[in-house]
2 protein chains.
Amino acid sequence: MGEELMNRSNKQVILNNYVKGSVNESDMSVRTSTISLKIPEGQDGAVLVKNLYLSCDPYMLNRMKKVEGHYVDSFTPGSPITGYGVSKVLDSSHPNFKKDDLIWGFTGWEEYSLIKDPSQLFKIQETNVPLSYYTGLLGMPGMTAYAGFFELCSPKKGETVYVSAASGAVGQLVGQLAKLSGCYVVGSAGSNDKVDLLKNKFGFDDAFNYKEEQDYNVALKRYFPDGIDIYFENVGGKMLEAVLNNMRLHGRIAACGMISQYSLEQPEGVHNLLNLITKRIRMEGFIVFDYYHLYPKFLEMVLPHINQGKITYVEDVAQGLESAPTALVGLFSGRNVGKQVVVVARE
Amino acid sequence: MGEELMNRSNKQVILNNYVKGSVNESDMSVRTSTISLKIPEGQDGAVLVKNLYLSCDPYMLNRMKKVEGHYVDSFTPGSPITGYGVSKVLDSSHPNFKKDDLIWGFTGWEEYSLIKDPSQLFKIQETNVPLSYYTGLLGMPGMTAYAGFFELCSPKKGETVYVSAASGAVGQLVGQLAKLSGCYVVGSAGSNDKVDLLKNKFGFDDAFNYKEEQDYNVALKRYFPDGIDIYFENVGGKMLEAVLNNMRLHGRIAACGMISQYSLEQPEGVHNLLNLITKRIRMEGFIVFDYYHLYPKFLEMVLPHINQGKITYVEDVAQGLESAPTALVGLFSGRNVGKQVVVVARE
């Protein structure tokens, strides 16, 4: 163990201050710290990792705000942002992990991280896929799509499914799972390129660019003349309101995210919740944390489909930790095409 | 069969025109028509009834409006209002019903009704209770409370339950079912007399007058310092918004009605639906129609409790068909104390 391991420089993305409303690149800064690449004495049960890929996810904006009672804690201003990533173990004092293991789970937005509680980390077994998939298709967003669609929506063959933010990390898989389940699926996204992806790459039956629609009610009526059985909710606000008007009897809404609302100081009001009653709709919010026990079952289902080319996945890859703030901010204007990943190091 | 049966006068409550916004007594009128008390030739499968008790229910306001795609059709201007009631069969050409049977179900707001499709009528077997209970405790509102609470809310002993419009036809039973299930239950109502009823007659653990609260958030925090597990939603709007802020993780909301919204031209917006996600809340609307197969099971549970005095029920009884418009309008200002019934005839 050479002296050079003891004081390696460690680039980090820092949250400057709590964010109000929308996030800007100036809310973050990149600084260089130092880190020992050996787990400190007395620190049992920790792992020290080199971060390879970091995941940009919409929920992170809520962690940048000072919110109490949220399902995950707010970030700490002055400290590195944390989030999902793929990492390589450099040193471990935890019995489940050893040097050179590849893992995915919560890590820091930095080159190297000391993870004191690795109980929520997953060891990567299948490496015959792009490792970055473990930030998306095979990671938290993939599990989110799987759990939300199958556990909450109980899809039946022939049902109609609408997915908003459909080209995003979660949406693109929801659409493909819906097709594999024999459903009719329509997605919306924020550019014609994304709409093209939905139809021609992910096999959605139809798709539309919500930015080109004057009235979401009219748009949904066009794509679902007989109504929507299942809505996979990623955006909230006015879109949710239009969906409620277009739901069918006994419809199901899995509320996964409300990205259109995160940047607003005052979220939009939804005025037509009476539809929940008249149409007997079940609307359920969920967090993937509650479903990780299904992860082995998920892999068992999804890996063969990936290997057979029946499930595909599009990533928007930003190069280098310095690009992470821009990549994260871009989520909220829809600049990313597909799952937004940051490459910190290839290995 | 005397000639006098052929042309009996029949007082009726007529909807004058579709209602916009709130309902007034002038939206209805009482007129006298005539009816034959014998089922017309060729009208197979019908029953002709004398109406005894009529039920005033909040959902009826929605039927007075011109709404398409609602779960029940709008009323027809110029025709009698219809609704739940208790009736006595005078003549029947339906195999399930015979003269002198007592029934409950959909009938007309009139002295006598020819019911062409009696398939949704229930024959009353147990008459050792006030017959008017079949408009409330033992009828549609009772089944609503039972189905909503047990089928949608899955109550567990020790959980906290909040019921709005708690002294109404449905709410008073929900509270008592919650107590029988070992829950901690708090109700809200619109007068101190009603609050007194909730605490001293129905056995709610606590209750408050929402009209005396400046801020529903503060009120709910006072009664539920650790949050609400189950909300039985009868009012909607600002109250729902405050409840969402005060729900616990994995809370359940049974959306039964939104009476505070029915009189508004533009319903209030609910701005904090993100709580559904962060707290993994399931919010489900329901209509009692879907649960009538449970009616025998419901009676089996609730009748012994009534006979043992463990479940009580308060009715607000208006005398005479002429009083029906005033009684119905009163629901929306909360003038009724307990279930609003109209007596048309005692037998």
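## Salt bridges in the model

A salt bridge is counted here where a side-chain nitrogen of Lys or Arg lies within 4 Å of a carboxyl oxygen of Asp or Glu. By this rule the structure, which is a predicted model, holds 28 salt bridges over all chains. One of them joins Asp57(A) to Lys339(A), with the closest N and O atoms 2.8 Å apart. Asp57(A) lies in the loop between β3 (47-55) and α1 (60-63) of chain A, and Lys339(A) in strand β15 (residues 339-343) of chain A, so this pair ties together parts that are 282 residues apart in sequence.

## Relation of the two chains

Two copies of a chain are related by a rotation about an axis and a shift along it.

## Extent of the interface

The size of an interface is often given as the accessible area lost when the parts come together. Between chain B and chain A the buried area is about 2,600 Å², and carbon and sulfur atoms give 65% of this area. Three residues, His271(B), Ile277(B) and Arg280(B), supply 25% of the area that chain B buries against chain A, more than any other three residues.

In terms of contacts, 31 residues of chain B meet 31 residues of chain A.

## Polar and charged pairs across the interface

The interface of chain B and chain A contains 2 salt bridges. In a salt bridge between the chains, the side chain of Arg280(A) meets that of Asp290(B) at 2.8 Å, N to O.

On the side of chain B that touches chain A, the elements giving two or more residues are β12 (247-255), α7 (274-278) and β13 (282-285) of chain B. By class, this side has 17 nonpolar, 9 polar and 5 charged residues.

## Strand pairing between the chains

Strand β13 (residues 282-285) of chain A is joined to β13(B) by 3 bridges, and the two strands run antiparallel. In this pairing, Glu284(A) stands opposite Arg282(B) of β13(B).

Notes
Residues numbered from 1 in each chain as written. Chains lettered and ligands numbered in written order. Predicted model: local features only at pLDDT ≥ 70, side-chain atom pairs only at ≥ 80, totals over all residues. Heavy atoms only, no water. Contact = heavy atoms within 4.5 Å. Buried area = accessible area lost by both parts, 1.4 Å probe. Helix = DSSP H or I, 4+ residues; strand = E, 2+ residues; numbered from the N terminus. Nonpolar A, V, L, I, M, F, W, Y, C, P; charged D, E, K, R; others polar. Pairing = 2+ DSSP bridges.
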